Structure formats: structure tokens, C-alpha cells
Amino acid sequence: MHNVLEIQNLTIAYGVRRRWLEAVRDFSLAIPAGVTYGLVGESGSGKSTIALTVMRYLDSAGRVMQGSIKFTGHAVERRELLAMSRKEMRRIWGKEIALVPQDPLSALNPSLRVGEQLAEGLRQHLAMGADEADERALSLLDMVRISDAQRVAKNYPHQISGGM
């Protein structure tokens with residue numbers, strides 16, 4: 001069994017008053033294929049910083065000081081995410097690797113219906129047509145046991161619970 005994600009000796013810092021303050025120091029983990037991994041820690045311990053760094057979403061105030069993030073995904077060879085350009089990352093975002101933020105208000109656009117937002121990602125990342133994406137969005141809601149998927153798909157984010 002291969003590792004889908006390998007993080008080795010990752011140190012991440014944020015720029016504060018012309019200094020770099022380390023928020024995460026010497027973090028390592030390996031996630032084998034088919035394994036669900038939960039990262040747990042106190043508020044402010046760096047969980048979100050690690051997730052944003054893996055996705056290459058860390059803003060300009062943050063910087064990787066050292067370490068490696070290798071990702072296998074659908075590719076045969078392991079790729080060093082920290083060495084990939086934004087253009088290269090765009091090819092795998094949503095298709096091979098994705099981040100779902102904990103806060104539903106930042107995860108979903110409040111002006112678009114839930115089903116439309118799911119379908120939009122499918123159209124963009126998997127090149128599905130509109131009808132196929134709409135159908136797949138409903139099946140995804142069913143898959144995660146959302147009651148009355150058709151009704152939920154027509155709702156706006158504020159009309160569903162955070163747990164959904």
C-alpha cells in the first residue's frame with residue numbers, strides 16, 4: 001500500500017512585524033491510500049495552517065520555512081506539492097485533492113443554491129455536462145445520507161444546518 005500524502009519536517013511561519021514567527025514546527029505524517037485521517041488539536045495549534053499549506057492556499061503572510069509535501073493521488077509518481085506552480089496545482093485541485101473548510105459560511109457561496117455549487121465543481125473539475133453534473137450532485141447528497149436530497153439541493157446554504 002502506498003502513501004497518498006507524505007508530509008516531512010514541515011515548518012510554517014507567518015510574517016509579523018518584519019519577523020517570521022513559526023506557527024507549525026517540524027510536522028510530519030503519512031496517510032496511506034484508503035485511510036481516513038483526522039488531525040486533532042487545540043484551537044490555534046496549526047491544523048488549518050497545515051491544511052492550507054497542503055492545498056497551497058496559504059496566503060502571502062505565511063511561508064514554508066522547511067519541509068516536504070509529497071502527494072500521489074491519481075498519478076503514478078509522487079509529486080512534491082511545494083515545487084508545483086499554481087498552474088500545475090489547478091490541474092489537481094478539485095479533481096485529486098480538495099479542502100472542505102469546517103465553517104460552512106466560508107465553504108459555500110450564500111447566493112447560490114447548494115445543488116448548483118456541487119454541480120459547478122463537477123462541471124469544472126470533471127468536465128461533466130450540466131445534466132450529468134446535476135444528477136451526480138443529487139447522488140452525492142444521497143451518498144452522504146442527506147435526507148430529501150432534491151429539496152436540500154434547491155436550498156441556499158443558510159437554509160441548511162452546519163452539520164449538513
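The exercises below, each with a worked solution, concern the predicted model shown above.

Residues are numbered from 1 along each chain as its sequence is written, and side-chain values use heavy atoms, with hydrogens and water left out. Because the model is predicted, local features need pLDDT of at least 70 and side-chain atom pairs count only at pLDDT 80 or more, while totals for chains, interfaces and linings use all residues.

**Exercise 1. The overall layout**

Describe how many helices and strands the chain has, and in what order the elements run.

Solution. Begin with the definition: helices (H or I, at least four residues) and strands (E, at least two) are DSSP runs, numbered from the N terminus. On that basis the chain holds six helices and four strands, and from the N terminus on they follow the order β-β-α-β-β-α-α-α-α-α. Next, consider the extent of the chain, whose C-alpha atoms fill a box of roughly 50 × 40 × 30 Å along the principal axes. Finally, turn to contacts, meaning heavy atoms within 4.5 Å: among those between residues at least 6 apart in sequence, 53% join residues at least 24 apart.

**Exercise 2. Burial and the nonpolar cores**

Find which residues of the largest nonpolar core touch the most other members, and which elements supply the core.

Solution. Burial comes first: buried means under 20% relative accessible area, exposed over 50%, and partly exposed in between (1.4 Å probe, protein chains only). Buried residues account for 29% of the 164 residues in the chain. A nonpolar core is a set of buried Ala, Val, Leu, Ile, Met, Phe, Trp, Tyr and Cys residues joined through side-chain atoms within 4.5 Å. The largest such core has 20 residues, of which Ile-7, Val-54, Leu-81 and Ile-97 touch the most other members. At least two residues of this core come from each of strand 1 (3–16), strand 2 (19–32), helix 1, strand 3 and helix 2 (86–92). A second, separate core has seven residues, including Val-114, Leu-141, Ala-149 and Ala-153.

**Exercise 3. Two loop residues**

Work out where Thr-72 and Asp-59 are placed, and what their side chains reach.

Solution. Thr-72 is in the loop between strand 3 and strand 4 (79–80), and Thr-72 counts as buried because its relative accessibility is 6%. Polar contacts are pairs of N or O atoms within 3.5 Å; within protein, one must be able to donate a hydrogen and the other to accept it, and residues adjacent in sequence count only if both atoms are side-chain atoms. A polar atom of the Thr-72 side chain lies 3.1 Å from the backbone oxygen of Asn-3. Not counting residues up to four places away in sequence, Thr-72 touches His-2, Asn-3, Val-4, Glu-77, Arg-78, Arg-79 and Glu-96.

Asp-59, for its part, is in the loop between helix 1 (47–55) and strand 3 (62–71), where its side chain reaches the backbone nitrogen of Ala-61 at 2.9 Å.

**Exercise 4. The largest pocket**

State the volume of the largest pocket, and describe its lining.

Solution. On a 1 Å grid over the protein atoms alone, a pocket is an open set of points where a 1.4 Å probe fits, with protein on both sides within 12 Å along at least five of seven lines, and lining residues have an atom within 4 Å of a point. Of its 35 lining residues, Leu-99, Val-100, Ala-107, Leu-108 and Leu-118 are the closest to the centre. Helix 3 (104–107), helix 4 (114–126) and helix 5 (130–143) each supply at least two lining residues, and helix 4 gives the most, with nine. Ala, Val, Leu, Ile, Met, Phe, Trp, Tyr, Cys and Pro count as nonpolar, Asp, Glu, Lys and Arg as charged, and the others, Gly among them, as polar; by these classes the lining has 24 nonpolar, ten polar and one charged residues.

Terms used. Grid points are joined across faces, edges and corners, and a volume is the space filled by probe spheres set on the points.
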